[in-house]
Amino acid sequence: MGHAYSYTLGTHTYKFKSLAQLMAKATPQRSGDRLAGVIAQSAQERAVAQMTLAEVPLKTFLNEVLIPYEQDEITRLIIDEHDANAFSLISHLTVGDFRNWLLSDYATPAVLASVRQAITPEMAAAVSKIMRNQDLILVAKKCHVKSAFRNTIGLPGHLSTRLQPNHPTDDINGIAACMLDGLLYGNGDAVIGINPATDNVAQAIKLMTLMDDVIQKYEIPTQSCVLTHVTNTIECIEAGAPVDLVFQSIGGTEATNSSFGFNLNTLAEAQDAALSLKRGTVGNNVMYFETGQGSSLSANAHHGLDQQTCEARAYAVARKFNPLLVNTVVGFIGPEYLFDGKEITRAGLEDHFCAKLLGIPMGCDVCYTNHAEADQNDMDNLLTLLGVAGCSFVMGIPGSDDIMLNYQTTSFHDALYVRRVLGSRPAPEFGAWLSKMKIMENTTESILSNTLPSAFAKPLKSVQGGM
């Protein structure tokens with residue numbers, strides 16, 4: 001049973017009726033929490049809530065769950081799979097102590113890896129609420145999370161990209177042209193992933209086959225994914241389609257995921273089906289998840305929690321299924337949840353930090369919708385900060401403009417920029433392929449070839465000749 005919290009400042013005593021309310025009031029302001037009615041009423045109340053939260057022992061999060069155990073399978077997952085032995089290293093800490101410990105030189109990458117299963121999403125969310133942006137970056141940089149399928153993602157000093165060749169009518173020629181454009185910029189090592197304009201099994205198989213043909217023809221060490229519903233992908237596997245990764249958008253409450261049409265058993269069935277295909281060459285991480293602050297609130301499934309805490313709980317779902325890729329679509333849901341560039345930037349850094357702390361191979365769709373108070377300069381800032389923080393992957397879209405989903409994200413050349421300015425490299429297997437195909441003259445410095453690679457020149461000439 002939860003209890004109330006209070007803090008006296010001068011002659012005024014601030015009261016918080018529950019741990020959930022305390023965490024919500026301590027959260028840096030954002031429009032979604034204002035919409036939900038859980039935001040602090042003033043900067044002073046927020047600061048007091050943060051000071052109060054800093055004194056809460058980490059053990060409290062195991063004894064005072066935010067959503068009742070009996071009502072929510074995500075809560076049950078978090079509690080049942082908590083590693084008590086690993087927790088002994090940090091069990092004596094308060095939230096404030098935990099922040100100091102994470103920032104200390106004692107918390108090396110190896111030590112942080114050893115306590116991943118001891119940290120619950122709520123602990124991660126709580127400590128993030130009392131951290132500055134630079135704190136989130138510094139700690140995330142120390143969290144090394146590796147995953148693999150046909151290449152290895154998440155190694156220190158590397159930044160991968162999802163090549164996203166979406167098309168408003170799923171036109172095969174348009175998609176193929178986008179794929180070629182992205183590959184010639186060195187994009188696509190995280191995944192070649194398509195959001196289908198027409199979402200059904202037959203169309204998903206068509207798109208899977210297209211991507212698989214290209215990957216096989218050019219021997220590209222990467223993986224493909226059609227971002228269709230998990231149940232559609234299960235049907236695709238049953239039909240013999242060339243499925244590499246299983247995709248699903250996930251949330252941090254059972255009610256959220258029910259609104260999306262799945263539960264944990266559905267994901268387990270899909271994972272088993274994908275693993276049975278044995279299509280990976282250097283690893284067997286077969287799941288791809290997307291998340292985003294505000295999804296639980298938009299489904300009226302947030303249980304009165306702030307949106308960042310709900311988001312962190314989604315990472316418990318991801319962690320359960322050992323994914324190859326997870327990314328927050330940070331500004332996609334709109335200004336009702338993250339109003340402007342400042343809120344989007346903060347949320348992107350929070351999501352990346354919490355996920356990496358929990359052992360998730362986290363990327364970020366650095367994005368915004370056209371009615372948000374944000375622009376590409378805001379996205380440049382967040383992209384650069386995430387690159388410094390060791391983000392696993394970002395998106396690559398022609399011209400930063402997804403003409404099918406109608407939102408603004410990062411482009412092929414944006415990924416090239418951040419690799420160059422930070423000295424980041426693509427996944428090693430993919431980097432070797434870029435060199436072999438003469439797409440890049442120097443993968444260490446992301447220097448592109450001055451000439452069209454011969455493997456692509458011939459088919460392009462044949463297309464031109466037929467015009």
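Here is a walk through this structure, from a hairpin and some ring pairs to the residues around a pocket. The model is predicted, so local features need pLDDT of at least 70 and side-chain atom pairs count only at pLDDT 80 or more, while totals for chains, interfaces and linings use all residues. Residues are numbered from 1 along each chain as its sequence is written, and side-chain values use heavy atoms, with hydrogens and water left out.

Let's begin with the hairpin. Strand β1 (residues 5-9) pairs with strand β2 (residues 12-16) in the antiparallel sense over five bridges. Strands here are DSSP runs of E, at least two residues, and helices are runs of H or I, at least four residues, numbered from the N terminus; pairing takes at least two DSSP bridges between two strands. Thr8 stands opposite Thr13 in β2. Two residues separate β1 and β2 in this hairpin, and Gly10 in the turn has a positive phi of about 65°.

Now for the rings. A pair of aromatic rings is described by the distance of the centres and the angle of the planes. Rings of Phe, Tyr and Trp (its six-membered ring) pair if their centres lie within 6.5 Å; planes under 30 degrees apart are stacked, over 60 edge-to-face, and the rest tilted. The whole structure holds nine aromatic pairs. One of them is Phe98 with Trp101, stacked at 6.1 Å centre to centre with 20° between the planes. Both sit in helix α7 (residues 95-103), three residues apart, about one turn of the helix. Phe98 is buried at a relative accessible area of 0%, and Trp101 counts as buried at 12% (buried is under 20% relative accessible area, exposed over 50%, partly exposed in between, with a 1.4 Å probe and protein chains only). A second pair, Tyr288 and Phe393, is edge-to-face, at 6.5 Å centre to centre and 70° between the planes. This pair links distant parts of the chain, with Tyr288 in strand β9 (residues 287-291) and Phe393 in strand β12 (residues 393-396), 105 residues apart. Tyr288 and Phe393 are both buried.

The buried residues of α7 are Val95, Gly96, Phe98, Trp101 and Leu102. They pack against several helices, including α3 (43-54), α10 (133-142) and α18 (341-357); contact means heavy atoms within 4.5 Å.

Finally, the pocket. An unreviewed UniProt entry lists Pro196, Gln248, Ser298 and Met404 under "binding site". Of these, Pro196, Gln248 and Met404 are in the lining of the largest pocket. On a 1 Å grid over the protein atoms alone, a pocket is an open set of points where a 1.4 Å probe fits, with protein on both sides within 12 Å along at least five of seven lines, and lining residues have an atom within 4 Å of a point. UniProt positions use the numbering here, feature names are shortened, and annotations may be inferred rather than shown by experiment.

Pro196 lies in the loop between β6 (191-194) and α12 (201-217) and is buried at 10% relative accessible area. Met404 lies in the loop between β13 (401-402) and β14 (407-408), and is buried at 16%. Leaving aside neighbours within four places in sequence, Met404 is in contact with residues including Asn195, Pro196 and Ala197.
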